[in-house]
Amino acid sequence: MGVATVIELRQSISGKRSFRPSLSSRHANEWPPTDVSSDLTVEVGTSSFALHKFPLVSRSGKIRKLLSEAKDSKITKLNLNGTPGGAQSFELAAKFCYGVNIEITLSNVAMLHCASHYLLMTEEFSEKNLKSKTDIFLKETVMPSISNSISVLHSCELLLPTSEEIGLVNRLINSITTNVCKEQLSTGLSKLEQHSPLKPLEMNNPDWWGKSLSILGLDLFQKVLSSVKSKGLKQETVSRILINYAQCSLQGIMAKDLSSCKGSFSDAETVKKQRLIVETIVGLLPAQSRKSPVPLAFLSGLLKTANMVSASNICKGDLEKRIGLQLDQAILEDILIPVNTQNGHHNHTLYDTDSVVRIFSIFLNFDEEEEDSNNVCYDFDSPRSPKQSLILKVSKLMDSYLAEIALDSNLMPSKFISLTELLPDHARVVTDGLYRAVDIFLKVHPNIKESERYRLCKTIDCQKLSQDACSHAAQNERLPVQMAVQVLYFEQIRLRNALNGTHDQFFLGLVNSQYPQRSGSGVGSGAISPRDNYASVRRENRELKLEVARMRMRLTDLEKDHVSMKQELVKANPANKLFKSFTKKLSSKFSSLFRMKSDVKPFGAKTAPDAKLLFQRRRRHSIS
């Protein structure tokens with residue numbers, strides 16, 4: 001059996017005149033032509049095509065080679081299962097061989113280009129062949145446009161690995177990168193020339209090319225974004241692209257409560273896919289910094305999703321560091337990170353407190369690293385220190401977080417205590433928020449150990465409690481007796497300082513009234529004569545001295561009662577009854593003392609008609 005030549009193939013086809021261009025054009029709408037019987041059947045997947053050898057051989061080098069190398073010169077069947085795009089692409093290529101006018105579009109150009117490469121439909125075998133047609137379309141229509149390149153790149157995903165082997169994927173990625181850089185440069189130049197304000201976020205523009213990237217699979221998306229990042233794409237634009245892609249690819253990424261999305265994470269295959277997306281997006285985020293363009297809400301959503309899909313520790317650690325660097329911008333919802341209930345290692349608690357501890361620790365330790373690199377030193381206790389101002393904001397966030405997680409009855413006391421001890425002493429100017437959270441926790445966890453109760457309450461600085469909080473704490477039966485005594489002791493010191501300060505204020509008022517010419521305006525008042533003014537001052541001064549003397553006497557009695565009560569508390573172990581009588585007695589003295597104080601006013605000051613007593617009798621209830 002000899003090898004069939006092209007001449008023999010042509011002779012084996014009867015009525016070869018029917019394949020002249022004039023005749024083939026008459027059959028352009030008739031597929032396949034029926035005026036000549038088929039002599040070759042081509043199988044592509046589950047489809048088969050009854051065709052003719054001569055038109056196929058005249059355009060396709062692969063078919064010519066297969067027929068010429070066949071052992072049987074009268075071969076009537078070929079198998080082309082490897083054709084990229086399957087039966088659809090082969091049918092279009094076969095029509096082209098028959099002279100049928102086919103339309104090349106964005107949806108089929110990648111398929112036809114890969115098929116022409118596989119079938120060797122090049123200029124070597126025929127002029128103006130299919131591969132040259134697709135090359136022209138790619139060059140003139142696809143490559144100049146970012147959106148067209150992304151659309152064709154998306155169709156290449158179904159043609160892998162052929163589309164990558166022939167270089168089509170790289171060509172499209174390079175064209176996207178080049179056009180993006182040109183657009184960024186031209187936009188920047190136009191803004192400089194026109195001195196126009198910045199436009200709103202491009203994400204709001206429906207025609208923005210970054211939104212088109214969401215149609216790509218994860219692998220090609222990663223390649224495109226890595227390419228444009230390497231060429232200097234702005235970090236703000238990279239962040240917007242990642243946010244848009246995550247919103248389209250991840251389930252519940254921006255949801256405030258991921259508990260409503262837990263059902264979507266039940267399928268193992270879905271969880272695996274979501275985990276890969278999260279880890280890839282985190283790897284593409286811009287560099288970590290306090291001024292990162294990535295919104296904190298987006299980072300929080302990524303971390304919550306990463307927890308739900310059990311992402312790697314490296315991935316979660318990266319997100320925790322990014323959130324920690326921007327923690328002063330966070331709100332409560334950003335740090336309420338739900339636990340992954342699938343692993344069963346959190347005793348059914350609601351929130352991941354370990355992650356929050358790491359986030360706050362990163363924030364507290366960040367400035368130390370920054371000082372080593374920049375040689376900048378701040379006075380942490382100074383209210384004007386940048387570090388201190390940020391810590392004050394974060395302390396309020398921590399108090400709100402503690403109050404929220406305190407409602408979780410399954411939360412271990414050790415976890416809650418570690419959070420209350422996390423911030424330094426100078427982080428809080430007022431400890432009312434911390435006291436409220438501790439009170440809620442003690443109310444929800446009544447069976448807490450006394451050692452843990454004492455350690456928890458020890459984190460509250462009683463000197464920084466407001467008067468209302470002190471009044472509540474003095475009557476709060478959930479607190480240890482030691483703390484209640486401490487609250488009363490510091491309230492006594494505050495009262496003494498207030499009395500001394502009041503006396504000094506009276507003296508300063510007296511001096512200012514005696515020398516009105518030294519006032520800020522530089523002009524004395526002419527409404528009252530100096531003699532009348534002096535007599536009035538002396539009269540009020542005598543009255544004030546009497547009132548101060550009475551208050552000091554009452555304060556002395558209060559100190560004696562405090563010493564005696566303290567001695568009795570040391571002797572007696574069951575302190576409940578003694579504590580109740582102690583607080584009632586001191587409260588009554590405080591009330592009478594400040595009722596008297598409310599009648600005393602410094603010179604020149606007006607008494608507010610609605611002034612409230614500092615210590616009013618209150619029912620024993622939670623401050624929560």
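This report describes backbone geometry and salt bridges in a predicted model.

**Backbone geometry**

Most residues other than glycine have a negative phi, and most peptide bonds are trans. The peptide bond from L160 to P161 is cis, with omega near 5 degrees. P161 sits in the loop between helix 8 (146-156) and helix 9 (162-165).

K128, although not a glycine, has a positive phi of about 50 degrees. This lysine belongs to the loop between helix 6 (109-118) and helix 7 (130-142), and K128 is exposed at a relative accessible area of 60%. S310, also not a glycine, has a positive phi of about 55 degrees. The loop between helix 15 (296-308) and helix 16 (313-325) holds S310, which is partly exposed at 39% relative accessibility.

**Salt bridges**

Side chains of opposite charge can pair when their charged atoms come close. The structure holds 13 salt bridges, including those tabulated here.

| Pair | N to O distance |
|---|---|
| D328 and R290 | 3.1 Å |
| K415 and D354 | 2.8 Å |
| R478 and D439 | 3.1 Å |

D328, in the loop between helix 16 and helix 17 (332-335), and R290, in the loop between helix 14 (268-284) and helix 15, are 38 residues apart. D328 is buried at 12% relative accessibility, whereas R290 is partly exposed at 22%.

K415 is partly exposed at 31%, as is D354 at 30%.

R478 lies in the loop between helix 23 and helix 24 and D439 in helix 21, so this pair ties together parts 39 residues apart in sequence. R478 is partly exposed at 23%, while D439 is buried at 0%. Elsewhere, salt bridges with shared partners join K131, D135 and R171 into one network.

Technical notes. Residues are numbered from 1 along each chain as its sequence is written. This is a predicted model: local features need pLDDT of at least 70, side-chain atom pairs count only at pLDDT 80 or more; totals for chains, interfaces and linings use all residues. Side-chain values use heavy atoms; hydrogens and water are left out. Helices (H or I, at least four residues) and strands (E, at least two) are DSSP runs, numbered from the N terminus. Buried means under 20% relative accessible area, exposed over 50%, partly exposed in between (1.4 Å probe, protein chains only). A salt bridge is a side-chain nitrogen of Lys or Arg within 4 Å of a carboxyl oxygen of Asp or Glu.
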